[in-house]
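Here's a quick walk through one hairpin and a handful of charged pairs. Have the structure open as you read.

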Amino acid sequence: MLVSMQEIGVSFGSTVILSGVTAEVGENSRIGLIGANGAGKSTLLNVICGLQEYETGTLDKKTGLNIGYLRQNSGLSGENTILAEMRLVFEPVLRAKEEMDRLHVEMADCPPDSPQYAALSREYDRNLAYFEGNDGYLTDVKIQTVLNGMGFADKDGDTVISTLSGGEKTRLALAKLLLSAPELLILDEPTNHLDFKTLLWLEDHLAHYKGAVIVVSHDRYFLDKTVGEIWEVEFGEMRVFPGNYSKYKVLKAELMARWEKEYEAQQEEIADLEDFVARNIVRATTSKMAKSRVKKLEAMERIERPREYNKKISLKFAFDRDPVKDVLIVDGLSLSVGEGLERKHLFDNLSFHIERGEKIAVIGENGIGKSSLLHALRGELKPDKGKIRWGQEVKVSYFDQENRQLHPELTVIEELWSRWPRKNETEIRTMLGRVLLQGEDVYKKVGVLSGGERAKLAFAILMMERGNFLMLDEPTNHLDLRSKEILEDALRDYEGTLLFVSHDRYLLKAVPDRIIEIFDDHVEVFKGNYDYYIEKQQEKAAKAAPPPKAEKAPSEGSVTYHRSKQQKAEEAKRRARLRELEKQIEEMEGEIASIEADLQNPHAFAGDYQKMQEACTRLEERKNALSAAMDEWITLGDE
């Protein structure tokens, strides 16, 4: 057990943040921590990390527990290069290698039979044992593997970190943390700034991670793929649910339904008892029975009314008039952005056709131009070539992921009123109330709203615009889990046409009936949701993979059966196996020495990390095989 919490309580002044939190983190736990913003998730993580004091309860941690905690939006900064920053993780191992190189030079200048040579040799062997014991030969391979997986395959290792974007710094900080491989890995919103390829790599990496993981995430698909336990923080308390996020939703619904029934049943019982007491307490013949019921009422352990965060947005998108059948035709579109030397070409030859009522998602690598495509469709960017043809009676309502259509200097209520000046205050406030912008919040300047509040204001505008074609750019960014699910339901129920860009794989699974993937010179269309898309990607990968090598079956003559003198035969067989093992061990030791010599040679692979990775894999396989052969040789020798 890495961490054990019993009845942990945390308060800030008179405000209770956490109460009675009891849970355990095992050596291989995979935990998803969820809850509304401000529910206490960060406080709980800080308690586990020793950054936050607690007033009540006990917290036990494994002695010397190594915890790695990556907070949301935390990134690296400074003048280190990417490669130098990653190498800091392996500083003790790299120091051992430097010491080995120094000792090697000194040993060359000493007579082999001198006491000084013997002392240097012992020190060299000590450093070598540490270096090999910590996989020193694999250091660069580990770094490059993680950097490639985290989307830095095309980035020069000598790039200075301060020149990276904020998202790149965050990804690099995550890469460094993964390389450090702490016993307990805590990740707060790790999927921000990651494309599909990187997400799939991270999910696979965490699946094979040798340690415990706690993840705070609004990415429900990621939670489904990576965790086997959900911790939900709600109203200062925490419940533990076995299974991934989808399983949690089922178990939570069952819990709330059962709790509601038990509460209602007890309320009926209380009402009956109180009614009996009221009617019979003053009557001499029934007073004794009434007093008995009073005692029962006093001794009864009251069930609290079930509580959930009942403040939730209400979304419903509608329109007034149907467009024609052919809503949008894009033919041979090529697009670039920027001006002069900063101009960047995005893609060529993009063609697709959208019909009335279709729900289509657009996906593609970061930077391929998905958002720019939406701007071009709206007439905000002029294509290099190609045609965009909108059908008659199409009314587009657009959601910008940065909410640039909002006016930061206006108040919330002014934002809507400036668009619909003929609406009365009640109508405006009612719409804002549906997205939980109420009371004094309507007088806040748009510029000071949180990302989630701005998104909800934008949804209020979409509902009032009543467009028959919704064009949405990353609509679930900044939304909590419940709001995401409400948006999904609203988009599924929407009877108009939908075109949206998203990295939210749960949304991509739930809403679209077609997915368009953009490449730099073409598009690929998938007639299904995200699960269908993944299925087709796996089929493509399977076709591209080389066929597995068939194992050669042993010939009949290779197996000899001895039906007499069994004991002598077994002894002869054992001696033969010992000779065979000795030969194999000698060959494997030679092969291992050869691979290790190549790995120590900086010119052996000429920067080809793929070949280096293959050599490291082969080295690991040979070492495992040698260990198994040695174990068998010792066992047979003892016999």
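This is a predicted model: local features need pLDDT of at least 70, side-chain atom pairs count only at pLDDT 80 or more; totals for chains, interfaces and linings use all residues.

What follows covers a strand pairing and then some salt bridges.

Strands β8 (residues 229-234) and β9 (residues 237-242) run antiparallel to each other, paired over 6 bridges. If you want a spot to check, look at I230: its bridge partner in β9 is F241. The hairpin has 2 residues between the strands, and F235 takes a positive phi there, near 55 degrees.

There's also a charged cluster to look at: E232, E234, R239 and K252 are linked in a network of salt bridges.

## Salt bridges across the chain

The structure holds 37 salt bridges. Take K62 and E183, whose side chains meet at 2.5 Å, N to O. They sit 121 residues apart, K62 in the loop between β4 and β5, and E183 in the loop between α6 and β6. K62 is partly exposed at 36% relative accessible area, and E183 is partly exposed too, at 24%.

Then there's E485 with K249, where the closest N and O atoms are 3.7 Å apart. E485 is buried at 17% relative accessible area, while K249 is partly exposed at 35%.

## One end in, one end out

Which residue does R404 meet in a salt bridge? That's D400, at 3.2 Å, N to O. R404 counts as exposed because its relative accessible area is 54%, whereas D400 is buried, at 3%.

Methods
Residues are numbered from 1 along each chain as its sequence is written. Side-chain values use heavy atoms; hydrogens and water are left out. Two strands pair if DSSP finds at least two bridges between them. Helices (H or I, at least four residues) and strands (E, at least two) are DSSP runs, numbered from the N terminus. A salt bridge is a side-chain nitrogen of Lys or Arg within 4 Å of a carboxyl oxygen of Asp or Glu. Buried means under 20% relative accessible area, exposed over 50%, partly exposed in between (1.4 Å probe, protein chains only).
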